[in-house]
Amino acid sequence: MFRKGAVHMFNLIQCAENTYYLKCYSNIGVYDLGDGTCVLIDAGDHKKSVSDLNKAIVAHGWRVRMILNTHCHIDHINGNRFFRDTYGCKIYAPHIETFFVEENLLEPNYYYLGVPTNRKRNFFFRELGTKAEELTEDVLPAGFALLPLPGHCYNMVGVKTPDDVWFLGDAVVDPATYESYHLPLFYDINKSIATARMLAELPGRLFIPSHTEAKEDVGALCRYNADAMEDNKRQILSLCDGRIFEDIFAAACSLFGIDLDMDKYAKLVYTVRIYLQALLEDGTLTAALEGGRLVYHVI
Ligand SMILES: [Zn+2]
């Protein structure tokens, strides 16, 4: 029996007839297939969320049939190995993401351009990787659908359950994240903006981004994200003329009031470069090698 917003055992929230989610740092979707098995959409960020979810699964008497990873980031795949070992379930992820799901050392490589700092090395060098098969419409149970959500990661997808509930991965984040991080991590800013604007118009009954509350109307949040990224682009462009990357980066940290540590530095270097790439694509910025230094110029 569906009671809107009912909180079941171990904080599993029922949000439609057969669709549930565990509210945690990276929300996990659960769909009851009605035959004693369930589908997971992502697999948790932390041991505690994985353990809480499994207690709820056991209490419902379900077995996990499959995990659909929206993308490969470590806070979405943490429970893959536990659920595979416990239930023998299959794990699916979009193309390219499968390689990162299988080999968790690949993710820090692109932030750190090589070996991570010692603290992060311990974090990422845990053995989390699992074999993953390609997530396509063909492998989905009846009534599910996928939607490509380019921008945050290589090939992230949104997943719709047969109850018309959308799990949106990290396509949009809440305003508090922009206020605290200023430059949340995306892989392609222009595609992220287009994805956020597309999602603002997406029909559906409920929308569940990974890192914020479920929403019946996600339009305002999506427009906020697109506008925030556009605004960041304008502000970063204003710092670029006649400067090399290190000076632009330092000016951006000062402008946004960002306190750096070595881990933040790695991700922010990556993110500021991604913004510069978007401005180069727009044609509002150009770059030239001058005496062995790459100097940016506003057009
Ligand atoms: Zn992510």
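**A helix and its buried side**

Guide: In α11, the buried residues are Leu268, Thr271, Val272, Tyr275, Leu276, Ala278 and Leu279. They cover an arc of only 155° around the axis, which puts them on the same side of α11. One caution: this is a predicted model.

Visitor: Why would residues three or four places apart point the same way?
Guide: An α-helix has 3.6 residues a turn, so residues at that spacing point the same way.

Visitor: OK. What covers the buried residues of α11?
Guide: The cover includes three helices, α8 (189-199), α9 (219-237) and α10 (245-256). It also includes β13 (285-290) and β14 (293-298).

Visitor: How far apart are the end C-alpha atoms of α11?
Guide: They are 31 Å apart. Helix α11 runs over residues 262-282, which is 21 residues. At 1.5 Å a residue, α11 should span 30 Å, so the two values agree.

Visitor: And which residue follows α11?
Guide: Gly283 does, and its phi is positive, near 85°.

Visitor: Let's move to α9. What span should its 19 residues have?
Guide: At 1.5 Å a residue, α9 should span 27 Å. Its end C-alpha atoms are 27 Å apart, which agrees.

Visitor: Which residues of α9 are buried?
Guide: They are Leu221, Cys222, Asn225, Ala226, Ala228, Met229, Asn232, Lys233, Ile236 and Leu237.

Visitor: What do they pack against?
Guide: Among the helices, α7 (175-181), α8, α10 and α11. The strands β13 and β14 are partners too.

Visitor: Pick one residue. Why does Met229 count as buried?
Guide: Met229 has 21 C-beta neighbours inside 10 Å, so it counts as buried. The cut-off is 20 or more.

Visitor: Which residues does Met229 touch?
Guide: Leaving out residues up to four places away in sequence, Met229 touches Ile189, Ser192 and Ile193. Take Ser192: it is 37 residues from Met229 in sequence. In space the two are 8.4 Å apart, C-alpha to C-alpha.

Visitor: New topic: the sheet. How many strands form it, and in what order?
Guide: 7 strands form an open sheet, ordered β1-β2-β3-β4-β5-β6-β7, with mixed pairing.

Visitor: Which strands stand at the edges?
Guide: β1 (12-14) and β7 (133-134) do. Each has a single partner strand, so one side of each is left without a neighbour in the sheet.

Visitor: How does β4 pair with β3, parallel or antiparallel?
Guide: Antiparallel, over 4 bridges, with β3 at residues 28-32. Tyr31 stands opposite Val39 in β4. The hairpin has 4 residues between the strands, and Gly34 takes a positive phi near 85° there.

Visitor: And with β5, parallel or antiparallel?
Guide: β4 and β5 (residues 63-68) pair in the parallel sense over 5 bridges. Thr37 stands opposite Arg63 in β5. Val39 has Met66 as its bridge partner in β5.

Visitor: Last one. What domains does the assignment give?
Guide: Domain 1 is 6-170 and domain 2 is 233-298. Their C-alpha centres lie 33 Å apart.

Terms used. Residues are numbered from 1 along each chain as its sequence is written. This is a predicted model: local features need pLDDT of at least 70, side-chain atom pairs count only at pLDDT 80 or more; totals for chains, interfaces and linings use all residues. Helices (H or I, at least four residues) and strands (E, at least two) are DSSP runs, numbered from the N terminus. The expected span of a helix is 1.5 Å times one less than its number of residues. A residue is buried if 20 or more other C-beta atoms lie within 10 Å of its own, exposed if 12 or fewer, and partly exposed in between; C-beta atoms are placed from the backbone. The arc is that of the directions from the helix axis to the C-beta atoms. Two residues are in contact if their C-beta atoms, placed from the backbone, lie within 7 Å. Domain bounds come from an automatic or database domain assignment. Two strands pair if DSSP finds at least two bridges between them.
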